[in-house]
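Walk through this model one piece at a time, with the coordinates open beside the text.

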Amino acid sequence: MMDTALRLLNRLGRRTMMAVDAVGYAAGLLGESFRFVVAGRRHGQPVRMTAIVEQMRQVGADAIPIVLLLSFTVGLMLAIQFIATLSEFGAQSQVVLAVAKSVTREFGVLITGILVAGRSGSAFAARIGSMSVSQEVDALGVMGIDPVRYLVAPALIAMLLMLPILTILSDFAAILGAALYSSPMLDMSVQTYLTQTLSQLTPRDVYEGLSKSIVFALLITVIGVATGFSVTGGAEGVGRATTRAVVLSITAIVLADMVFSFFLNR
Amino acid sequence: MNDTAAPLIDVVGLEAYYGRRRILHGVDFSVRRGEIRVIMGGSGSGKSTLLRHIIGLQRPVSGMVKILGVDVGRASAQELLTVRRRLGVSFQGGALITSMSVGDNVALPLREHTQLDETTVRIMSRLKLEFVNLGGFHDLMPSQLSGGMIKRAALARAIVMDPELLFFDEPSAGLDPVVSAELDELILRLRDALRMTIVVVTHELESAFRIADRITVLDQGDVLTTGTVAEVHASENERIQDLLNRRPRTVEVDVDAYLRRLTEEDA
């Protein structure tokens, strides 16, 4: 009995240490990347513009169609639900406000974050993981090319730039989706719906979404690359790391979103 | 100049562990300028671990590793990156960046560390590809190359910055005899034509004896001997003779340790 309890405690302790270790490692990666962005050039380790642009294409531009499609669908779905619920109180005209606020503050950024976590978080983990397994990361290091500077910093910058942009696009698409469904129900033109949305939105709503998107960008990148670097165990390990990166970053995003919403709306 | 005074590589009392297992037992190792040194040993002898320490991929737990005058254990990350530009490493599996063409792989160190214009980079990297007999292969992707070609491309990348020191991990592993003989020739040419100091890690006896100026024999984390090919052949050490004559090792079983390994919960 005592023995099992001790063993459980032991395991709990080890897990905790491992978790603390992982968080520390991730924070270290983040700090190092920023250091290379700021001071890399001076030390002969510049973060290349071409690498950043290439990453921006991969994490940002290539994701636009799917972000637009999903956001449009979610916007439409929100409109359906809001109209159904609000019409019970005869308040269906409030759907404009409800959609506008919930999309800009919450859903736009959340959909974008989850999509990018699935697309790019896993891609970071898989790329860096398979590179570690085949000694490519070691090879970069012994060539005098810091792997963090070469692999992580461009991805981080690209994510920090592209996630807010994708979020704005997502906001547009979602609100458009809602407008297309709601305007006939509310007997107004799509144009009127959109003007009303604009007049009811405050900059603060948009900022809330954008500030979240910055945090999501940091979380997705750092979780993706950290799991990638810690891959052991060959091809199977890469697979496991990819799954882990997606699950962890989506969890982190949703938790961070809740914390943010709580503090920003007090 | 002062060749004997300052060895290019100087390892003193290096210890290495994986978990609780001790991989290297106080290894001393030094390499003079201009020689081809072979680190020879069976699998699990610690030769790859020694190599990883020398090129700074692992920091020594205890002992000292000095390379080109820089103490790897104490150097800052920046110093380490700088010294690494003066050495070339060809990894066992090649470790070419799979998303880049062979030409781009070879050109990578030049693009990252020099301000040379694109034409010069192209010419220099193709020169090195010609040197390893891969002329015209620059547009292929690493996945399109055979094992021997990957090794040669990795060698081209390792020497593209004209390093003073070249490391070669298992040049002949997994290659047919002809290709591995060709690689041996290449290594000799590198020393003679480009005056490089070369460290080769291998378990292939034949190749070791063909290229080595001196051989260091590692066994279970101990340096058994360091000497010329003739000296190694003449060695009376039983473990060296086992290795040379491909005799299976006689494992002495320590009964207590054996039982402990079987029963211990978190070994």
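Chain B contains 10 helices and 10 strands. The model is predicted. Start with the overall dimensions of chain B. Its C-alpha trace spans about 65 × 45 × 45 Å along the principal axes.

In chain B, six strands form an open sheet in the order 6-7-8-3-9-10. Its pairing is mixed. Strands of a sheet pair through backbone hydrogen bonds, either parallel or antiparallel. The edges of this sheet are strand 6 (87-90) and strand 10 (222-227) of chain B. Each has a single partner strand, so one side of each is left without a neighbour in the sheet. From one strand to the next, the twist averages 15°.

A helix also packs on this sheet. Helix 5 (residues 147-159) of chain B touches strand 6 and strand 7 (165-169) of chain B. The direction of helix 5 makes about 170° with that of strand 6 of chain B.

Strand 9 (residues 214-219) of chain B pairs with strand 10 of chain B in the antiparallel sense, over five bridges. B:Leu218 has B:Val223 in strand 10 of chain B as its bridge partner. B:Asp219 stands opposite B:Asp222 in strand 10 of chain B. The hairpin of strand 9 and strand 10 of chain B has two residues between the strands. There, B:Gln220 takes a positive phi near 45°.

Where does chain B touch chain A, and with what? The contact takes 15 residues from chain B and 13 residues from chain A. On the side of chain B that touches chain A, helix 2 (77-84) and helix 3 (102-113) of chain B each supply at least two residues. Helix 3 of chain B gives the most, with four residues. By class, this side of chain B has nine nonpolar, three polar and three charged residues.

Cross over to chain A and look at how its helices pack. Take helix 1 (residues 2-39) and helix 8 (residues 203-229) of chain A. Their axes come within 10 Å and cross at roughly 110°. Helix 1 and helix 8 of chain A are therefore roughly perpendicular to each other. Their crossing is right-handed. Helix 1 of chain A brings A:Ala22, A:Tyr25, A:Ala26, A:Leu29 and A:Leu30 to the contact. Helix 8 of chain A meets them with A:Leu218, A:Val222, A:Ile223, A:Val225 and A:Ala226. The residues of this contact divide into 10 nonpolar, no polar and no charged.

Helix 4 (residues 95-133) and helix 7 (residues 190-200) of chain A have axes that come within 9 Å and cross at roughly 60°. These two helices of chain A are therefore oblique to each other. The crossing of helix 4 and helix 7 of chain A is right-handed. A:Val96, A:Leu97 and A:Ala100 make the contact from helix 4 of chain A. From helix 7 of chain A come A:Tyr193, A:Gln196, A:Thr197 and A:Gln200. What classes do these residues fall into? The contact of helix 4 with helix 7 of chain A has four nonpolar, three polar and no charged residues.

Note on methods. Residues numbered from 1 in each chain as written. Chains lettered and ligands numbered in written order. Predicted model: local features only at pLDDT ≥ 70, side-chain atom pairs only at ≥ 80, totals over all residues. Axes fitted to C-alpha atoms, helices over the stretch in contact; angles between N-to-C directions. Parallel < 35°, antiparallel > 145°, perpendicular 65-115°, else oblique. Left-handed = near helix turned anticlockwise from the far one by under 90°. Contact = placed C-beta atoms within 7 Å. Nonpolar A, V, L, I, M, F, W, Y, C, P; charged D, E, K, R; others polar. Pairing = 2+ DSSP bridges.
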